[in-house]
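User: Could you take a close look at one part of this model for me? I would like to follow a single spot and then see what surrounds it.

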Amino acid sequence: MSEWFTFFNELMRKMLFLPEQASTLAYRIDFLHYFVFIVTMVSSIAVGLLAVSFFFKYRAKEKLASTPIVNASHRFEATVIAVPLVFFFIWAAIGFRDYMWYTTPPRNTLDIYVTAKKWMWHFSHPDGPNSNANLTVPANRPVRLLLTSRDVIHSFFVPEFRIKQDAIPGRYTEIWFEATKPGRYRIYCTEYCGTWHSNMVGEVIVLPGQEFDNWIAKQRLGLSDRVDVSASTDNGGDFRGDLASYGRRLAGVQGCLKCHSLDGQPHIGPTWVDLYKRKTVLVSGETIIADEGYLTESMMDPYTKVVKGFQQVMPSFRGKLAAPEAAALVEFIKTLRSDSLENTPSKEAVYGPVERR
Amino acid sequence: MAQLSVVNESEGYLKVNYMNADRGIMSWVLTLDHKRIALMYFVLTMVSFFIGGMLAEAIRIEHLTPGETIMGANTYNRMFTLHGVVMIFMFMIPAVPGIFGNFCLPLMLGAKDVAFPRLNLLSVYVYAVGAGLLVYAMASGGVDAGWTFYAPYSLSTPATIFPALLGVFIIGFSSILTGLNFIVTVHTLRAPGMTWMRMPLFVWATYATSIIQVLATPVIGITAMLVGIEHVFGFGFFDPTRGGDPVLFQHMFWFYSHPAVYIMVLPSMGVISEAVAAVSRKNIFGYKMIAYSSLGITFVGFFAWGHHMFLSGQSALDSGAFAIISMLVGVFTAIKVFNWVGTMYRGSIAVNALLFYVCGFLFFVVFGGMTGIAVATVSLDVHWHDTYFVVAHFHFIMVGAVLMGVLAAIHMWFPKMFGRMYHEGWAMVAAALIVLGFNATFIPQFLLGNAGMPRRYFLYDEKYWMLNVASTAGSTLLFIGFVIVAIYLIYALKHGPIAGSNPWGLTGLEWQTTSPPPKHNFIGQPTVEEDPYTYQKKGEKVEHVVI
Amino acid sequence: MSSSEAHQEHEHPWYLAHHFDNIKVQNYAVRMGMWLFLGTEVLLFAGLFLGYTVYRYFYPQAFEECSQLLSVGMGAFNTVVLIGSSFLVVWAYHSIKHDQVKKCAWLLFLTIVCAGIFLVVKYFEYMHKIHEGQLPGKMYTFEGVTAPGANMYFSIYFLMTGLHALHVIIGATILAVLMVRVMKGKYGSHHNVPIELGGLYWHLVDLVWIFLFPLLYLI
């Protein structure tokens with residue numbers, strides 16, 4: 001950018017109270033913004049001056065004066081339609097082009113899962129680590145965010161990056177950005193979500209590339225056991241290894257983790273953490289201990305003993321799970337103890353990124 | 001002919017008029033007279049406006065400091081929800097059609113009444129019941145879902161939203177009845193000689209509005225009921241945990257609520273068309289273009305709803321299509337603006353409060369409209385969506401423009417409705433205060449949105465403090481302006497000078513009858529022999545100009 | 001002027017409102033009003049039809065399995081009843097046009113009886129569903145269909161048929177009022193538009209069912 005251009009950009013940005021431009025998208029959006037703003041101002045002032053000049057020139061000199069009958073020619077009307085239309089369509093076209101750019105992530109993005117929840121943001125790097133409220137990303141590297149929500153609709157907004165996207169329960173949405181300046185930037189929730197909507201804030205921490213690599217390597221120290229919940233189905237049948245690992249894999253394949261969390265938080269179903277041998281109150285009011293028998297029964301006949309506070313939404317897995325598979329799941333559940341939960345990596349729902357051309 | 005004799009010619013005030021022709025409470029409660037119904041709407045919507053305005057003031061005062069100022073987070077959330085619900089459903093949608101549509105439409109067409117007077121009366125009571133339910137919802141703890149009632153938040157909130165949704169549903173019926181009535185009235189009750197192309201532009205605008213009311217309102221009705229039923233019985237229609245789709249709610253909601261913006265603004269555009277001709281004593285420049293552009297907005301407005309959902313996960317292609325369609329609304333509005341300004345050319349422009357409101361309207365509609373084009377530009381919306389920029393944008397249109405229309409209508413037709421004149425000096429002072437105060441309130445909000453302050457925020461970062469204080473200060477000016485208007489109008493009701501049947505020297509049929517009009521509007525059947533807005537003296541040589 | 005007013009006074013029968021010039025204009029106006037109203041009714045249902053389309057697309061399997069749970073026999077019977085009643089109401093309109101007052105009243109009565117039969121059959125259908133736990137949303141307890149979205153099918157089923165049943169009740173009430181007025185001799189060949197409009201409303205009720213029956217029961 002030439003010096004003059006930088007000056008123009010800074011002038012406009014400060015005049016319009018726009019925040020710093022800290023992503024590649026920010027420049028695109030701001031330049032279209034300036035274009036629209038300048039055309040609007042010039043044309044409105046022109047129309048305004050015209051009206052004012054009419055006002056002074058044609059002030060009423062007598063009450064109930066006669067006036068000429070003035071009509072518009074077709075040529076005039078056509079101009080009046082065509083000129084705004086051309087500008088509007090140019091803006092729409094540029095806007096659409098930028099929007100396509102913004103909604104089509106490049107290859108080799110760094111993927112980060114974002115889960116919104118009243119009233120916090122949860123970020124997970126697929127290979128760890130996780131964090132609440134703070135999202136750490138590298139500068140000058142494209143980052144893709146895969147957003148979903150656990151309860152109501154939220155919206156992820158970073159003014160300095162000019163990015164925003166709704167996080168919708170029950171589906172994933174994606175956006176990408178490339179931060180250009182290391183620093184710390186505010187995250188806001190922009191979709192009204194209840195009492196503390198305005199407190200649902202966080203920070204993006206942009207680190208220079210090398211620093212980020214060091215940071216993430218340090219974070220991953222101690223994460224010995226990687227959980228790959230997005231396990232593919234291809235080798236599920238002839239799995240070799242211990243039952244618990246098999247169960248872990250099955251839980252991803254069979255979709256258990258869509259409803260049962262591995263982080264101790266109740267989701268659509270009860271969490272699996274500490275579930276084994278837990279004293280559980282049922283809808284019917286009776287209390288049972290969740291032993292192997294109960295766990296297996298709940299997979300096959302989910303509605304006979306529903307845990308209090310949950311809906312009857314779980315499908316039956318009768319016929320879908322072979323006996324050894326059910327056993328593997330039970331074994332997996334048995335390994336999930338909260339005292340061993342420290343430093344576990346991503347526990348997000350299964351999400352297979354769509355193949356991009 | 002009997003009634004003619006009671007016109008006191010020297011005073012120009014019809015002593016036995018529609019307001020006192022029948023006496024007693026029942027003659028008002030069961031009235032079928034469109035003019036009395038208009039007055040009932042006047043009172044009800046003004047009470048609603050007062051409630052909504054007070055809520056707005058409370059919100060602005062809360063924002064004087066970044067933290068908690070006068071209320072807690074939950075109270076704040078209820079305040080902005082109710083501000084939206086009251087202003088939109090109880091004030092803006094019924095105001096201009098209910099008051100001025102009812103009062104002026106039959107008069108302008110030269111009809112004795114609207115086509116279905118009993119439905120008209122019913123619409124007032126339906127409105128009152130719906131509004132009552134909304135007030136009950138407020139009193140019984142309030143609603144905190146935002147006026148948009150987005151699922152699934154609205155399904156999970158513990159607040160008592162069912163009465164509020166039922167209220168919205170019922171008010172919707174009132175709106176349908178009004179719209180249906182006006183469409184049929186325009187089709188069947190035009191005076192002899194009142195061809196379509198001779199109809200005043202306010203009638204055209206009301207007609208276009210009525211089409212939207214009839215076609216869009218049932219959809220919000222069923223949507224509101226679905227949310228209500230789901231909140232109470234758990235039907236799961238929009239609830240993702242039961243297999244429902246929350247985005248479907250947004251589609252159904254905006255299918256109504258986007259055209260609803262035009263229900264609010266089109267009648268005001270009609271009023272301004274009348275007012276701009278009145279203050280400049282000119283024929284409307286491009287009459288047909290203005291008339292057709294109202295219908296154009298109606299048609300296109302039905303297909304633009306998706307621009308509220310650019311970031312809700314709808315496909316990028318959809319977003320692009322909705323953006324293009326939204327641009328067309330901008331073009332129709334631009335046509336109107338150019339033609340209004342053109343109408344002033346070679347006119348004889350009077351300086352009065354009406355002119356202030358016309359200019360205010362033009363200003364608000366240009367900037368509200370252009371910022372609308374800007375937020376409909378897909379990529380720009382990414383930054384502005386759900387920030388204060390959007391808040392400022394729709395307040396420019398829905399408050400700035402609509403309110404200028406309402407105020408212009410009040411000031412233009414007040415002498416017709418009540419037969420008396422208000423104080424012109426005070427009216428100009430108030431108009432100036434309102435236009436200034438409005439700008440001072442909402443221009444800072446555009447900048448807040450640029451700076452990235454999200455809407456519906458109870459707490460905000462300190463970097464947004466200064467602009468929020470500016471906005472609150474502006475709202476105080478606005479408030480003072482409204483108080484002045486209320487005072488001089490109420491004073492004028494009893495003590496204003498007699499206006500005479502045609503104080504502005506206008507040509508519409510409503511000015512050909514007495515002020516206030518008699519019970520059956522006209523004495524004899526009026527006929528129309530010339531185009532509207534023909535301000536030339538009879539027999540005078542008329543200069544024709546084509547640009 | 002006064003002579004023409006006296007003339008108009010003379011021509012104003014009780015059923016002509018004061019603000020209409022003549023009966024032709026009034027009839028045009030009320031017909032137009034009714035058609036507009038029917039348009040709003042269609043749009044009211046349109047929201048639910050949209051929901052049906054979207055969720056059928058989301059959950060094709062559940063919708064197919066659940067629609068087989070409905071009794072096609074009962075649905076078909078109700079369809080015949082409603083179509084028959086539509087025929088009866090047209091016949092009633094035809095009779096009143098020819099001043100056959102008594103016949104018209106009887107035909108309207110039969111139409112209302114058809115509405116009653118429809119509602120009784122619907123009642124049995126509902127009772128069966130409630131008994132089986134084939135209920136909307138969170139109330140769904142039926143175990144026969146486990147495909148996801150079964151509860152959504154029944155949400156839509158109950159909303160659509162419920163709203164339709166409400167319209168049947170409203171329609172029957174309107175026809176009952178018309179029947180009483182017919183018996184009082186208010187209508188005849190000179191004035192029969194209210195019967196026509198009541199019939200139109202009844203046709204709408206019928207028409208909505210004609211869409212609901214295949215969508216919910218057959219496919």
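Which residue stands opposite A:Val70 in β3(B)?

Analyst: Happy to. A:Val70 has B:Val545 opposite it in β3(B). One note before going on: this is a predicted model, in which local features need pLDDT of at least 70, side-chain atom pairs count only at pLDDT 80 or more, and totals for chains, interfaces and linings use all residues. Residues are numbered from 1 along each chain as its sequence is written, while chains are lettered from A and ligands numbered from 1 in the order in which they are written.

Helices (H or I, at least four residues) and strands (E, at least two) are DSSP runs numbered from the N terminus, and two strands pair if DSSP finds at least two bridges between them. In general, strands of a sheet pair through backbone hydrogen bonds, either parallel or antiparallel.

Now the wider interface. Contact here requires C-beta atoms, placed from the backbone, within 7 Å. By that criterion, 76 residues of chain A are in contact with 79 residues of chain B. On the chain B side, the elements that give two or more residues include β3 (544–546), α3 (73–109), α8 (246–280) and α10 (316–344). The top contributor is α10(B), with 15 residues. That side of chain B divides into 44 nonpolar residues, 26 polar and nine charged; Ala, Val, Leu, Ile, Met, Phe, Trp, Tyr, Cys and Pro count as nonpolar, Asp, Glu, Lys and Arg as charged, and the others, Gly among them, as polar.

Chain A also holds an open sheet of five strands, in the order β5-β11-β10-β7-β8, with mixed pairing. Its edges are β5 (134–138) and β8 (163–167), each pairing on one side only. On average, neighbouring strands are turned by 25° against each other, direction ignored.

Technical notes. Two residues are in contact if their C-beta atoms, placed from the backbone, lie within 7 Å. Axes are lines fitted to C-alpha atoms, for helices over the stretch in contact, and angles run from 0 to 180 degrees between N-to-C directions.
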